[in-house]
Amino acid sequence: MSEERFGEFVLVRRHGHVAELVLDRPKAMNAVSTDMAGSIVGACTALAGDRDARVVVLTSSHERAFCVGADLKERNSFSDADLMRQRPVTRGAYTGVLELPMPTIAAVHGFALGGGFELALSCDLIVADRTAVVGLPEVSVGVIPGGGGTQLLPRRVGAARAAELIFSARRVEAAEAAELGLVDQLVDEGRDRGEALALAARIAGNSPVGLRSAKRALRLGQGLDLRAGLEIEDAAWRATAFSGDRPEGVAAFNEKRTPNWPGE
């Protein structure tokens with residue numbers, strides 16, 4: 001297992017074809033400061049161009065929190081001009097995770113609030129343990145979700161449910177979060193990272209071209225009518241079917257062996 005640090009607060013660990021992006025600002029419960037946001041951008045830029053990374057798992061080094069959202073202590077000293085200067089950096093952190101081309105899984109325990117929950121929502125799947133508490137409380141501190149929450153949450157749970165959660169600013173504990181579809185898999189306390197990495201390893205055994213193409217079709221097809229969505233799917237199918245992964249996958253199936261994916 002290799003490690004690479006991006007700034008002071010973000011670490012990327014390699015587990016074969018699985019990359020673990022670790023939020024590593026434990027003294028602040030991973031509150032997203034300007035510096036930390038920039039580090040997330042840097043890590044995501046590197047991962048997006050890494051053809052060896054087939055799945056990314058977003059984890060936390062803090063025992064009791066995934067991420068508590070924006071660093072409000074830093075924000076407390078900001079002028080309006082400071083906030084405007086910070087905005088492209090923080091927005092880039094969320095879009096960096098959202099636009100990763102490979103499947104992404106968030107491993108959530110403890111608090112995942114505001115921008116912290118938005119980082120998880122930016123992933124394709126969320127694995128949470130029974131200590132998880134999620135929510136978008138931004139309106140309670142005079143802002144609104146600005147890391148994709150107003151757009152990503154309704155895509156998960158529907159417009160009315162998202163409106164209730166955002167307008168009320170309430171925190172949702174793990175059992176209800178699973179029931180409402182705010183998280184995808186609920187696991188025993190302390191098992192979120194292990195289960196997310198295990199799921200990532202299973203996914204990473206599949207065609208790298210296929211994984212990226214399937215994600216692209218899923219993402220680009222959201223919100224389109226069926227006919228337009230099927231055209232998106234057809235383009236993604238062609239990009240995969242005429243790659244080196246298809247003949248290798250077919251040959252491996254017929255020869256009853258594990259594929260050795262070209263990945264292009």
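Axes here are lines fitted to C-alpha atoms, for helices over the stretch in contact, and angles run from 0 to 180 degrees between N-to-C directions. Contact means heavy atoms within 4.5 Å. Helices (H or I, at least four residues) and strands (E, at least two) are DSSP runs, numbered from the N terminus.

This is a predicted model: local features need pLDDT of at least 70, side-chain atom pairs count only at pLDDT 80 or more, and totals for chains, interfaces and linings use all residues. Residues are numbered from 1 along each chain as its sequence is written, and side-chain values use heavy atoms, with hydrogens and water left out.

- Seven strands make an open sheet with mixed pairing, in the order 1-2-3-4-6-8-11. Two strands pair if DSSP finds at least two bridges between them.
- Strand 1 (2-6) and strand 11 (185-187) are the edge strands, and each pairs on one side only.
- From one strand to the next, the twist averages 20 degrees.
- Strand 6 and strand 8 are parallel and share four bridges. Ile105 has Leu125 in strand 8 as its bridge partner.
- Strand 8 (residues 125-129) also runs parallel to strand 11, joined by three bridges. Ala128 is bridged to Leu186 in strand 11, and Asp129 stands opposite Val187 in that strand.
- Strand 8 is largely enclosed by the rest of the structure, because four of its five residues are buried. Buried means under 20% relative accessible area, exposed over 50%, and partly exposed in between (1.4 Å probe, protein chains only).

**Ala107 in strand 6**

- Ala107 belongs to strand 6. Its relative accessible area is 0%, so Ala107 is buried.
- Ala107 and Leu58 sit 49 residues apart in sequence, yet 6.0 Å apart in space, C-alpha to C-alpha.
- Leaving aside neighbours within four places in sequence, Ala107 touches Val57, Leu58, Thr59, Phe66, Val127, Asp192, Arg193 and Ala196.

- Two bridges link strand 5 to strand 7 (residues 111-113) in the parallel sense. Cys67 stands opposite Ala112 in strand 7.

**Cysteines**

- A disulfide is a covalent bond between the sulfur atoms of two cysteines. The rule applied here is a pair of cysteine sulfur atoms within 2.5 Å.
- By this rule, the model has zero disulfides.
- Cys44 is buried, at 3% relative accessible area. Cys123 is buried too, at 4%.

**Cavity**

- A search of the whole structure finds one cavity of 30 Å³ or more. On a 1 Å grid over the protein atoms alone, a cavity is a set of points where a 1.4 Å probe fits but cannot get out, and lining residues have an atom within 4 Å of a point.
- The largest cavity holds about 40 Å³ of space. Grid points are joined across faces, edges and corners, and a volume is the space filled by probe spheres set on the points.
- Phe117, Val134, Gly135, Leu136, Leu153, Leu165, Arg170, Val172 and Leu182 line the largest cavity.

Technical notes: 1 Å grid on protein atoms, 1.4 Å probe; cavity = no way out; pocket = protein on both sides within 12 Å on 5 of 7 lines; lining within 4 Å.
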